[in-house]
Amino acid sequence: MSDTDSNYDEREQSEIKHYALRLYLEAATRILGSTRNLKYIDCCAGPWEARSSDYSDTSFGIAVRALKDAADQLSARGNSPKFACLLIEKNTSAFEKLDAFAKQIDTPAMPVRARNWDFTERMLDIVRVCSTVGTFPFIFIDPKGWQLAGISKIRPLLQLNPGEVLINLMSAFIRRFIKDNKTDFSDLLGADFPSLRDLSGAELESAIVGKYCDLVMREGNFSYVCSLPVMNPDLDSFNFHLIYATRHRKGVEVFKDVERRTENRTHVIRAELQQKDRQSRSGNFELFGPDVQYREENCYQRLARTNNERAQKAVRALIEGAGRIAYDECWGEALQFSAVYEPHLRGWIESWVREGVVTVEGKSQKTSVLRVGKGMILARLPRN
């Protein structure tokens, strides 16, 4: 039996995206719901290519369900969460479906509103919705192309504080057009974007994501910006990256867990697709599970290796430059790289300690393992 949802046949990349969105919202609502008025804003809601009658295979359907489930759980514990959803869609025919859904699911306990807006032209309205006292907005920007992800288009949303954003960066489209001298990517990648035209392959992919993350961090004054790569379902290449920006360490902890679980889910989906392809070509049914003959994708393995090398160099540079630096700061630097997790960071530091180039201050018997939030300090030892 297949582990994947048939509603996502031939759009498995959307299944992976929605899986990550659901995981994050399930965790975030539990953490924030007891103290904040959480508002979910979907700026390009659709629906597009939805196959389920209840829209459970759409971003807004998944978000509304996650918030409603969290509200029920928190209420059962004696809390009184205040959640709300604002679903925005410019296309009139798509909006009619969205509006019908919103009116059906809307309740006084959790208002769900749909608006037929071009979100880039209604920034003041969105900001006003997100700026009431006690509100924590979570902004999801999932455009069809790359233009609506440009910094000038979304700057007021990035600057909402408190607040977090999740942006779909369509790197496949950007890679396709970056060599075109007539296409201006300065709003997406900075004024020096033409330098990227000399790059290719994995180096170009990393540069695109890195430059966009840097701009998001700067414009929103975020403390952390992480990326989660999503592959093409049946090709050894990336389709897009989910860019997550937050000002809180806890957000990174949650998002990295989402990234790890999404990576595992990706392997499951791709293994099933590979098995379906083998069976279609051979005409034979395979007795064993799809994971038995699963071939891991090369592009993700290259990304993991490259990002581990880059993150390790970045952390080492922090320690070398500062002399003494908080482990938390090194943690924040390393974990913003996709496919890099805290065990990787601990391994690097432990090897440097064994080599006699770094020492760890602040450890105790109760906190012998390197942990964020424990006041540990990494100090560079003088060279002989």
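Phe185 is a buried residue, with a relative accessible area of 1%. Keep in mind as you explore that this is a predicted model.

## Aromatic rings

A pair of aromatic rings is described by the distance of the centres and the angle of the planes. The structure holds twelve aromatic pairs. One of them joins Phe60 and Phe101 edge-to-face, with 5.0 Å from centre to centre and 65 degrees between the planes. This pair links distant parts of the chain, since Phe60 belongs to helix H2 (residues 59–76) and Phe101 to helix H3 (residues 92–105), 41 residues apart.

Phe193 is buried, with a relative accessible area of 7%.

Rings can also gather in a group. Ring pairs connect Tyr24, Tyr40, Phe138, Tyr244 and Phe255 into a cluster.

Charged side chains meet rings too. Lys256 lies over the face of Tyr341, 4.9 Å from the ring centre. Arg265 takes up such a place over the face of Tyr19, at 5.8 Å from the ring centre.

## Salt bridges

Side chains of opposite charge can pair when their charged atoms come close. How many salt bridges does a search of the whole structure find? The search finds 23. Here are three of them, with the N to O distance for each.

| Salt bridge | N to O distance |
|---|---|
| Lys211 and Asp192 | 2.9 Å |
| Glu253 and Arg249 | 3.8 Å |
| Glu342 and Arg346 | 3.5 Å |

Asp192 counts as partly exposed, at 42% relative accessibility.

Glu253 is partly exposed at 29% relative accessibility, and Arg249 is partly exposed at 33%.

Why are Glu342 and Arg346 separated by about one helical turn? Because they are four residues apart in helix H12 (residues 342–355). Glu342 counts as buried at 16% relative accessibility, and Arg346 counts as buried at 19%. Elsewhere, salt bridges that share partners join Arg249, Lys250, Glu253 and Asp328 into one network.

## A buried charge without a salt bridge

Asp42 lies in strand E1 (residues 37–42). This residue is buried yet has no salt bridge, and the nearest side chain of opposite charge, Lys17, is 8.8 Å away. What does the side chain of Asp42 reach? It reaches the backbone nitrogen of Ala45 at 3.5 Å. The side chain of Asp42 also makes a polar contact of 2.8 Å with the side chain of Ser59.

## Helix H10

Helix H10 covers residues 298–322, 25 residues in total. From the first C-alpha to the last, H10 reaches 36 Å, close to the 36 Å expected at 1.5 Å a residue. Among the buried residues of H10 are Cys299, Tyr300, Leu303, Asn307, Asn308 and Ile319. After H10 comes Gly323, whose phi is positive, near 85 degrees.

Two peptide bonds deserve a look. Gly46 and Pro47 are joined by a cis peptide bond, with omega about 15 degrees, and Pro47 is found in the loop between E1 and H2. Another cis peptide bond joins Asn161 and Pro162, with omega about 10 degrees. Pro162 is placed in the loop between helix H5 (151–158) and strand E5 (164–169).

Glu49 also belongs to the loop between E1 and H2. Its phi is near 60 degrees, a positive value in a residue other than glycine. Glu49 counts as exposed, at 60% relative accessibility. Asn221 likewise has a positive phi, near 50 degrees. Asn221 is in the loop between H8 and strand E6 (224–231), and is exposed at 62% relative accessibility.

Terms used: Residues are numbered from 1 along each chain as its sequence is written. This is a predicted model: local features need pLDDT of at least 70, side-chain atom pairs count only at pLDDT 80 or more; totals for chains, interfaces and linings use all residues. Side-chain values use heavy atoms; hydrogens and water are left out. Helices (H or I, at least four residues) and strands (E, at least two) are DSSP runs, numbered from the N terminus. The expected span of a helix is 1.5 Å times one less than its number of residues. Buried means under 20% relative accessible area, exposed over 50%, partly exposed in between (1.4 Å probe, protein chains only). Rings of Phe, Tyr and Trp (its six-membered ring) pair if their centres lie within 6.5 Å; planes under 30 degrees apart count as stacked, over 60 as edge-to-face and the rest as tilted. A charge sits over a ring if NZ of Lys or CZ of Arg is within 6 Å of the ring centre and within 35 degrees of the ring normal. Lys and Arg count as positive and Asp and Glu as negative; His and the chain ends are not counted. A salt bridge is a side-chain nitrogen of Lys or Arg within 4 Å of a carboxyl oxygen of Asp or Glu. A polar contact is a pair of N or O atoms within 3.5 Å; within protein, one must be able to donate a hydrogen and the other to accept it, and residues adjacent in sequence count only if both atoms are side-chain atoms.
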